[in-house]
Amino acid sequence: MLDKPLIDVGNQVKSDTDREELKLALVASQESVAVQILLEACLETEDDRIKPGRQWALREIRGVICSYIHQVFIAEPSLAKLVHFQGYPHELLPMTVRGIPSMHICLDFIPELLSMVEMDKQIFAIDLTSHLSLQYALPKSLSIAKLCLNTLTTLLGVLSSDTRVEMSRAVLPCIVRFSEAFPPLLDECIMFLMQLGRIAESQSALGRSVSLPNLYLGPEAKVRSHSKRSQYAEKLVDEIKETFSKLLDEAIMNPKIY
């Protein structure tokens, strides 16, 4: 590319610096696609769960891939940022955090990922932080975990009811991991669950109430006592209770943290 003459026409590049930037961007995109393909190869399939010997083969494949990705992230830390901003399946996070030693560099850009507008990016950042907190119980991890909890508390008051239910159900397992990794955050985790539980219970009770126009419907009319929205809220209430139980078992009653 650099051997060709520079052409100043339209939107084409005008300097060697522009050409170099385009080349680096192209190489980075190709490398990130390669990493994404390798990560997809680590996903567990139905055959892996059924056929004998496939679990051992999958474990060996994951070990080789994690070793390669670790070397790539060490050689080019910006590639780790690009891959995680693109995102990948959440079920691979336990594998990547435990199998790739260089994953701790993600702590540097998680606040930036958490500040993105897309909710799926925010959920991915919180999920990633919770796994990194268990693997690397560092002061930096603690500060980012606090940032995640503060962000979740803020989002409770600004999200719509449907979006709040969707987000909350996705991050409940992260709350348990935060409290397990950092016992000082236990109070904040419990306060978040209590606040979320009150909101979900109010939303569920509102869906169970009978509105005034329904009182004048004829006997043949079928009045639904539970809308889909209230059903989701009731399911969220049950999941919050389960999260409280897990938090007690894994973060409070666990003798390893004392």
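The structure is a predicted model, in which local features need pLDDT of at least 70 and side-chain atom pairs count only at pLDDT 80 or more, whereas totals for chains, interfaces and linings use all residues. Residues are numbered from 1 along each chain as its sequence is written, and side-chain values use heavy atoms, with hydrogens and water left out. The protein chain has an average pLDDT (the predictor's confidence in each residue, from 0 to 100) of 84, and 84% of the residues score at least 70. Over residues 209-226, pLDDT stays under 50; for this stretch the model has eight contacts (heavy atoms within 4.5 Å) beyond four places in sequence.

Helices (DSSP runs of H or I, at least four residues, numbered from the N terminus) α8 (residues 139-156) and α9 (residues 161-181) pack at an angle of about 155°, with their axes 12 Å apart. Axes are lines fitted to C-alpha atoms over the stretch in contact, and angles run from 0 to 180 degrees between N-to-C directions. Helix α8 is therefore roughly antiparallel to α9 (angle over 145 degrees). The contact involves Ala145, Cys148, Leu149, Leu152, Leu155 and Leu156 of α8, and Arg164, Met167, Ser168, Val171, Ile175 and Phe178 of α9.

Glu201 lies in helix α10 (residues 186-208). Glu201 and Ser230 are 29 residues apart along the chain, and their C-alpha atoms are separated by 9.3 Å.

How values were computed. Helix = DSSP H or I, 4+ residues; strand = E, 2+ residues; numbered from the N terminus. Parallel < 35°, antiparallel > 145°, perpendicular 65-115°, else oblique.
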